[in-house]
Amino acid sequence: MATITIFLWNTEGTSAWLPADHRIHRQYLAEVVASVDEGRPATGGLTPALREFESLIEGNARVYMYFSQMFDEIPRKQPYLRDPAGHRQVRDYRHMLAVLNHIVTRAPEWTKTAAAMGVVGVPMCAVFDYPMGTPSGHAAFLDPDVNKALKKVLNEWGKFLQTPESAAVLGNHDIGWFGETGHHDLLQVANAPYQTNYAFEEMFECDPTAKHMGYKSWDGMPLPVSKQHLQLLVAIHVLTRNDLDFFTRKVRDAARPVASPDDDSVIANACESKVFNVQRSAQLRDRFFAKGQRYSLLDMLAHDPLASVFTGGTVYQAFLSALSYHRWHSPVSGVVRRAFVEDGTYFSEPLFEGPGDASVTEIDTGGISVAQGYLACMAARAVIVLEADNKDIGLVAFVGIGMDEVSTCDITVREGQHVEKGAELGMFHFGGSTHCLVFQEGVELEGLPEVGREENVPVRGKLATVRKTK
């Protein structure tokens, strides 16, 4: 799969997913809507995948009802309105399709509106942000037929983002990622964990003498091969990838050294990410869809038989923003016992985020950032279970979770393979995401990062220490 997401970035809080002030969100989306309404959308009509989506909506009574009602169910008051006269930004499903068509024919760029506010991205998530918090939107984005159609739309977009044309947004112009604002914010986020002052070429693998720093596209994908062939290619280290794609750029070892490489009691951080939650005594089955979002291990691990061994254990969750480094690294040295990708939903949010819950009258402006526990069980995700060399750790599960449009979880290890602590396990494509590490009951972890920490926890840096059993 090849997908992407929108990110609205607040540089005053350099690890936020969406700005707390939705005026930023609405102003950004307004620019795209204005382009569509003024007759400046992509030429040639809807893309093939969007035409299929349109046919689904208009040819299926259930889906037609959902997409007709969801826009009507958005409260007709501020902050949900486009202007004080009561006009909505995205008016109905036909308008939605036109706006999506504008989005999927372009690569993510740094906008002039964003420059003064620290907002970056493209507004696919913004299109659905309010509708998916309504009762009809909740039903629509759980619907299997809708998710199949959305998958095609996102795959189509992803193919464009692998082309040389997508690299046009990587210039040093105002809306380029290497323009003054974009370049500054990328390095601000990357240097924050260790309070370093690296230049971009010192932090990431690139060619500073080449156009676009040597990056050939916005993002790249592995060749479409069978699971068996993929395992063979990984095993003999010949899987073809473009390692000079911007979004999946590699970090230099000197910038992100492995924590205590010779001490197997030290667990390394798997992703460059901000702490979201820590839950101890996680249950095999729990109400992940209710307020509190208690982790449901059976659902999180896609009903894998190994899920039961984590009952009563600890779940650590942290999320990655658009500006973060997006490859995953092994928290321990050990053997890969499970490695698979589980399909999931794309824009589903829990009912408690909107008026679909009888006790709620407003749509939660926290959006996806407050639904990460729910997404751990519902969204597309990669599951990798490692058997650590250190017997005091035992089995540890890594779950890489796509948030909203991000559903491409790219695993680069195979079952049965031994990996060293800090070695690459895989990567996310095209956007931000979240991840969990799950430890078994009885594993005593010391020094886990505290919820509320502002800067990212550095990838491959020290996450925690395991106390030795007696």
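The chain in this predicted model has 13 helices and 13 strands. Of its 470 residues, 60% are buried. The accessible surface comes to about 18,200 Å², and carbon and sulfur atoms account for 51% of that area. Turning to contacts with a separation of 6 or more, 78% of those in the chain join residues 24 or more positions apart.

Helix α3 runs over residues 61-72, which is 12 residues. From its first C-alpha to its last, α3 reaches 17 Å, close to the 16 Å expected at 1.5 Å a residue. At the N-terminal end, α3 is capped by N60, with a side-chain oxygen of N60 placed 3.0 Å from the backbone nitrogen of R62.

Which residues of α3 are buried? They are V63, Y66, F67, M70 and F71. These residues lie on the same side of α3, because they cover an arc of only 110 degrees around the axis. The cover over the buried residues of α3 includes α2 (48-59) and α4 (93-103), together with α7 (135-140) and α8 (144-160).

Is H212 buried or exposed? Its relative accessibility is 17%, and the limit for burial is 20%, so H212 counts as buried. The side chain of H212 reaches the backbone oxygen of A167 at a distance of 3.4 Å. If residues up to four places away in sequence are set aside, H212 touches A167, A168, L170, G171 and F178.

S281 is not a glycine, yet its phi is positive, at about 60 degrees. S281 sits in the loop between β2 (274-279) and α12 (297-300), and with a relative accessible area of 44% it is partly exposed. H303 also has a positive phi, near 60 degrees, in a residue other than glycine. H303 belongs to the loop between α12 and β3 (314-320). Its relative accessible area is 46%, so H303 is classed as partly exposed.

The loop between α12 and β3 also holds F310. For F310 the relative accessible area is 0%, and the residue is therefore buried. What is F310 in contact with, leaving aside its neighbours within four places in sequence? The list consists of A282, L297, L301, V385, L395, V396, A397, V438, F439 and Q440. One of these, L297, is 13 residues from F310 along the chain, and the two C-alpha atoms are separated by 7.4 Å.

I close with the cysteines. How many disulfides are there? With a disulfide taken as a pair of cysteine sulfur atoms within 2.5 Å, the count comes to zero. C377, for instance, is in no disulfide: the nearest cysteine sulfur, that of C436, is 8.3 Å away. C377 is buried, as its relative accessible area is 6%. C206 is likewise buried, with a relative accessible area of 14%.

Methods
Residues are numbered from 1 along each chain as its sequence is written. This is a predicted model: local features need pLDDT of at least 70, side-chain atom pairs count only at pLDDT 80 or more; totals for chains, interfaces and linings use all residues. Side-chain values use heavy atoms; hydrogens and water are left out. Buried means under 20% relative accessible area, exposed over 50%, partly exposed in between (1.4 Å probe, protein chains only). Helices (H or I, at least four residues) and strands (E, at least two) are DSSP runs, numbered from the N terminus. The expected span of a helix is 1.5 Å times one less than its number of residues. The arc is that of the directions from the helix axis to the C-beta atoms. Contact means heavy atoms within 4.5 Å. A polar contact is a pair of N or O atoms within 3.5 Å; within protein, one must be able to donate a hydrogen and the other to accept it, and residues adjacent in sequence count only if both atoms are side-chain atoms. Accessible areas come from the Shrake-Rupley method with a 1.4 Å probe; for residues, only the protein chains shown count as cover.
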